[in-house]
Amino acid sequence: MPLSNRLAGVCLLLVSSGAAQERPIAFLGARVVPIAAPAIEDGTVLVHRGKVVAVGPRAGVAVPAEAERREVKGVLLPGFVDTHSHIGGGSGGDASAPIQPDVRIWDTIDVRDPGLQKAQAGGITTVNVMPGSGHLLSGQTVYLKLRDGNAIEDLLIRGPDGAIAGGIKMANGTNSQRAAPFPNTRGKSAALVRTEFVKAQEYRAKVQRAGGDPEKLPPRDLRMEALAMALDGKWIVHHHTHRADDVLTVLRLAQEFGFRVVLHHVSEGWKVAEEIARAKAPCSVIAIDSPGGKLEAIHLRPETAGVLERAGVSVAIHSDDGITDSRLFLRSHAMAVRGGFSRAAALESLTVAGARMLDLQDRVGTLEPGKDADLVLLSGDPFALDTVVLETWVEGRKVFDRADPKDRLHAVGGLGASDGQVMHTHCGCCDGEEAHR
Amino acid sequence: MSAPRHLGIGVALGVLCGAPLAAQVAVRGELVHTMAGPALRDAVVLVRDGKIVAVGPAAEVRIPEGYEVLTAKVVTPGLIDARATAGLAGWLNQDHDKDEVDPAEAVQPELRAIDAYNPREPLVAWLREHGVTTLHTGHAPLALVSGQTFVVKTSEDALAGAVLKPAAMVACTLAGSARGEGGKSPGTRAKMIAMLRAALLDAREHMAKQAKATADKPVERSLRKETLGAVLKGEVPLLIHAQRQEDILAALRLQEEFGFRLVLDGAAEGYLVADRLLAAKVPVVVHATMLRHTGDARNASFETAAKLRDRGIPVHFQSGYEGYVPRTRVVLFEAALAAAHGFGREQALRALTLDAATLLGVQDRIGSLAPGKDADLALYDGDPFEYTSHCTGVLIDGKVVSRTVR
């Protein structure tokens, strides 16, 4: 590499903590599962400056002389994408109102929370961190890259225009129902949401009519601006919903207002799989070890992911950390396979299906030239009990190494592993948590 | 294996009693973990009238005419959950089915599990369908002394006859979850110990009075003191839920003072005080491997079970207590993750069967596949611990209670 390039790299390092990885790295010898193509035995993945440069059989990829050659054993996959998590101790809307689109979760995330390191230990490299489900709309979600960082800005994903990647979190059913000003019924829940979206439609129309003329623009309104992003299809609505009728309500509202929606949890999705497929709504499903615990989840089934898959629905499994532990992300997928989800769909669920649900499929979710160099090295078959995450890489940088005792502590637990961790468990049963978040 | 001899006796009895052979079941497995010896390849477990009559290689055990033959890749004894709350805790998680704790008082050892357990609870069916045939279940670790536990088969008609031990242990909690709500005592850990000591001293005094009582001068009965008296007499162990090392040490201190039989439940930080646990010969029912590593369990590890076992401490597995989702954990899954974190599959299976039966004092009935034992079996289509295996059949007392693929 010419020196000038190297210097440029150093400069970049100074201005951006998401620094370029200057020296190419070649991962050699693993079974490579690119997701976008069939698995490659004894494969090579070449990464440079945080991007995948080449993927192929060992003999088919030219490794530059200056590259760091890493002979690895195991299974190499794209970094995992978790479409629904609460790591980082962030909080969304407060108790003042059921609809709070102005609230940004990323203003409150502690990047030093061990929950992030545990997610890295689980092979997760991209994560949708969301506010809770105790509101009809609890705020803006944020899509993070689990880079090692000192401030939330180090982890954000920005579009070409600098826009921060994220979506909107909504919920229906019992979690968001309580005493006024919150709704007490499902009918009221839908009416409140519709009222707010109608307002946003009007706000958006005013903005459009202004045609960029500052004199004619309505005063800035953080709430309306956020909802307009959903109406414009720029932000996806991530909608918590369990019961079959609640699922249909979400689809009805999405159709009325034209927002893009990903259904989350979808415990009774197996009852309305055809309707979900017809609406082309992707589903982000949770894998829980037993049904119940709350009324809306008594018909939760391990078969849900498989039923939805066979109906033609795009499915991802999420952690909902701390409902399940990010370190058990692979296990959740294996349990879905146990319930009838195909292995192929489970591999996509870990990676590209989730990426699509976050509009990030052009950057993450597969190992292809030009994609972010986010990698997970597994010790063996992704769905086997004994398999562990050996290494996790984000944009060409190692963020987890099981051979490092500090990282291993986060992977298996033990004294100090959870120091400072704020766990979001949606219930009043654990320390420091509010009910029904 | 003396299987053919036992088979002969079984058949002879059948002929003598004229029992309908159609109702009888044999289970043939590619791999049968008897836990009474090495695992057998291509073996048969022959069942008659609820009991195992023969176990041996398929070539040696003749299956009589008219038997239903179930087949499986792997056959194990029915699994035993060494500490559950399912059946008292229900899946709706509403007042209707929340019977795992009565918050009125901190110390209520008189609450019996048998009076609160619903054998038709869907969570119990869920566990059964995964191969769990026996639960040590009872009051939850949510009060200083929350009540009793009992040992019961997971059959739907359990209360009509499948109770193995109506009063197994008394459940005690030395953890944050034992704190009283709304200013009620105990509000601190020291208060927990003070209240527990006072209750045990009361019971001791009551026992002394009882010993001196005569027919014309009887002692007023107290269910509470009698129950704790049974603990002090060593008839019933005190099952103390403690996760933090200081709480574990407090439990050991109490045991030293009062001399009861202690079983430790949880022990998330047990690896910090393993020497003391070993010296006190305390068996541990280790926390569910996947319990949330937060609060008192913030230093929990997937490796706790292996670390304690490696020090020579008897380790058992539990589904434990959950206040939200999953409302119950599945002990098979919890043991599986521990198995993958140093405990080993063979040892984990032993812990879920023979060792759990021994801990609960029911090893003469369950925990292994041998002639004379209850015919409680679990059938799997692969290694029972693998995530992607399924439980394909379950027998309790010789009856097929599940054919669900789970």
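Q: What makes B:Lys153 and B:Asp376 a salt bridge?
A: The closest N and O atoms of B:Lys153 and B:Asp376 are 3.0 Å apart. A salt bridge needs a side-chain nitrogen of Lys or Arg within 4 Å of a carboxyl oxygen of Asp or Glu. The pair therefore qualifies. Across the interface of domain 1 and domain 2 of chain B, the rule finds six salt bridges.

Q: What kind of model is this, and how are residues and chains labelled?
A: This is a predicted model, where local features need pLDDT of at least 70 and side-chain atom pairs pLDDT 80 or more, while totals for chains, interfaces and linings use all residues. Residues are numbered from 1 along each chain as its sequence is written, chains are lettered from A and ligands numbered from 1 in written order, and side-chain values use heavy atoms, without hydrogens and water.

Q: Which residues make up the two domains of chain B?
A: Domain 1 is 3-78 + 367-402, and domain 2 is 79-360. These bounds come from an automatic or database domain assignment.

Q: How many residues of each domain are in contact?
A: 25 residues of domain 1 of chain B meet 26 of domain 2 of chain B. Contact means heavy atoms within 4.5 Å.

Q: How much area do the two domains of chain B bury between them?
A: About 1,800 Å², 65% of it on carbon and sulfur atoms. Buried area is the accessible area (1.4 Å probe) that two parts lose on being put together, summed over both. In domain 1 of chain B, B:Met35, B:Phe385 and B:Ile396 lose the most to domain 2, together 36% of what that side buries.
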